[in-house]
Amino acid sequence: MATRKFNVEGMTCTHCEMSVKEEISEIPGVTDVTADHTTGLVEVTGEGFSAEEVSKAVHEAGYTLG
Ligand SMILES: [Cu+2]
């Protein structure tokens, strides 16, 4: 189990956080996601997921990795 940090650009409110968390949570192996729109910091916990999968999920939510 590991936690990896990502910087997400474009989140402006708690709804944005929810959207990002929902999409990332769907990645197999991910067990926990936290998102903070004030810092852009997203922390993803789990195992067997890749940065590319996180990037795709962030894009699907409508945002980009910084
Ligand atoms: Cu928002």
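## Questions on the sheet, a threonine and the cysteines

Analyst: This is a predicted model, in which local features need pLDDT of at least 70 and side-chain atom pairs count only at pLDDT 80 or more, while totals for chains, interfaces and linings use all residues. Residues are numbered from 1 along each chain as its sequence is written, and side-chain values use heavy atoms, with hydrogens and water left out.

User: In what order do the four strands form the open sheet?

Analyst: Strands are DSSP runs of E, at least two residues, numbered from the N terminus. Two strands pair if DSSP finds at least two bridges between them. The pairing here is antiparallel, and the order is 2-3-1-4.

User: Is threonine 45 buried or exposed?

Analyst: Threonine 45 lies in strand 3 (residues 41-46). Buried means under 20% relative accessible area, exposed over 50%, and partly exposed in between (1.4 Å probe, protein chains only). Threonine 45 has 18% relative accessibility, so the residue counts as buried.

User: Which side chain makes a polar contact with the side chain of threonine 45?

Analyst: A polar contact is a pair of N or O atoms within 3.5 Å; within protein, one must be able to donate a hydrogen and the other to accept it, and residues adjacent in sequence count only if both atoms are side-chain atoms. At 2.8 Å, the partner is threonine 3.

User: How many disulfides does a search of the whole structure find?

Analyst: Cysteine 13 is partly exposed at 29% relative accessibility, and cysteine 16 is buried at 6%. A disulfide needs a pair of cysteine sulfur atoms within 2.5 Å. The number found in the whole structure is zero.
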